[in-house]
Amino acid sequence: MFKLTSLNLNGIRSAATKGVEAWIAQNNPDCICVQEVKAQAPDVAGKFETLAGLKGHFHFAEKKGYSGVAVYSKHEPSEVVVGMGNEEFDAEGRFVELRFDTPKRKLSIVSAYFPSGSSGPERQEAKFRFLDHMGPHLKALGAQREFIVCSDVNIAHQQADLKNWKSNQKNSGFLPEERAWMTHMTTEGPLVDVYRRLHPETTDACYTWWSNRGQAYAKNVGWRLDYQLATAALAAGAQKAEIYKDTRFSDHAPLTIDYNWTL
């Protein structure tokens with residue numbers, strides 16, 4: 001069994017004060033992919049190189065206190081790929097890939113953080129540029145190897161993936177172009193939305209993010225923004241998915257999926 005968790009930390013230092021390391025130890029994943037580390041190498045040194053015994057591999061943003069991703073793993077990768085070959089977004093620390101290759105298999109675990117476009121038109125255009133690069137990048141990866149992308153995608157794909165879909169149709173995160181990208185990647189593209197494979201009809205229980213405004217969490221006015229997107233062979237092994245909500249480490253909840261294969 002391989003247990004894989006994804007969590008947007010909204011700051012590793014903040015999440016640490018809220019007990020995330022103790023929870024990781026209790027949950028005991030093989031890997032945990034994190035987004036929005038919001039730290040640089042000097043901030044991590046001596047503090048967060050490992051979490052609950054898992055070794056971290058990072059892609060930091062150049063801008064302080066911004067973005068950043070990591071994969072913490074029990075298993076030593078055969079190779080670590082930092083960035084996706086795009087100068088604009090590699091400067092923002094949005095992609096790290098751990099390869100666990102053997103003579104018989106090529107397999108990767110990726111942590112990726114998609115841009116949010118909610119702050120205005122300029123960032124929405126950047127988000128579209130990111131999608132334009134990420135789509136072909138993942139297709140090329142899928143032609144070479146099996147992989148899972150753990151990500152805060154910042155897109156709710158279907159109406160079931162957010163509480164107030166009617167009023168959000170013109171808002172970033174639920175725009176037709178964003179949703180079409182997700183549809184393309186999970187139909188014509190190489191990826192399977194693993195949570196939806198296991199829970200095709202779930203709505204209120206599927207949310208992974210809640211705004212800090214207006215008692216959104218208390219009222220469960222949420223969005224499903226956090227995904228595990230896997231190639232078909234890996235997705236077929238998915239056994240169980242859990243969104244952990246008992247303790248809040250962030251404005252996102254951790255998504256954990258158990259697969260019936262091992263590294």
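Predicted model: local features only at pLDDT ≥ 70, side-chain atom pairs only at ≥ 80, totals over all residues.
I began with helix α2: A22 and Q26 are exposed on one side. Exposed means over 50% relative accessible area, buried under 20%, partly exposed in between (1.4 Å probe, protein chains only). Helices (H or I, at least four residues) and strands (E, at least two) are DSSP runs, numbered from the N terminus.

Residues are numbered from 1 along each chain as its sequence is written, and side-chain values use heavy atoms, with hydrogens and water left out.

**Helix α2**

I looked up the buried residues of α2 (residues 20-27) and found V20, W23, I24 and N27. They sit on the same side of α2, because their arc around the axis is only 100 degrees. That arc is taken from the directions from the helix axis to the C-beta atoms. They pack against β1 (2-8), α1 (12-17), β2 (31-35), β3 (50-51) and β15 (255-259). Contact means heavy atoms within 4.5 Å. N28 follows α2 and has a positive phi, near 55 degrees.

**Strand β9**

I then checked β9 (residues 146-152), where 6 of 7 residues are buried. β9 pairs with β8 (residues 107-113) in the parallel sense over 7 bridges. Pairing requires at least two DSSP bridges between the strands. S108 has F147 in β9 as its bridge partner. With β13 (residues 226-231), β9 pairs in the antiparallel sense over 5 bridges. There, I148 stands opposite A230.

**Salt bridges**

I found 15 salt bridges in the structure. The criterion is a side-chain nitrogen of Lys or Arg within 4 Å of a carboxyl oxygen of Asp or Glu.

I looked at D161 and R224 next; their closest N and O atoms are 2.8 Å apart. This pair links distant parts of the chain, 63 residues apart: D161 in the loop between β9 and α6 (176-187), R224 in the loop between β12 (222-223) and β13. D161 counts as buried because its relative accessibility is 0%. R224 is buried too, at 1%.

R224 also forms a salt bridge with D193, with the closest N and O atoms 2.7 Å apart. D193 lies in strand β10 (residues 191-193), so this pair ties together parts 31 residues apart in sequence. Shared partners join D161, D193, R196 and R224 into one network.

R99 is in β7 (residues 95-99) and E79 in β6 (residues 79-82). R99 counts as buried at 14% relative accessibility, whereas E79 is partly exposed at 38%.
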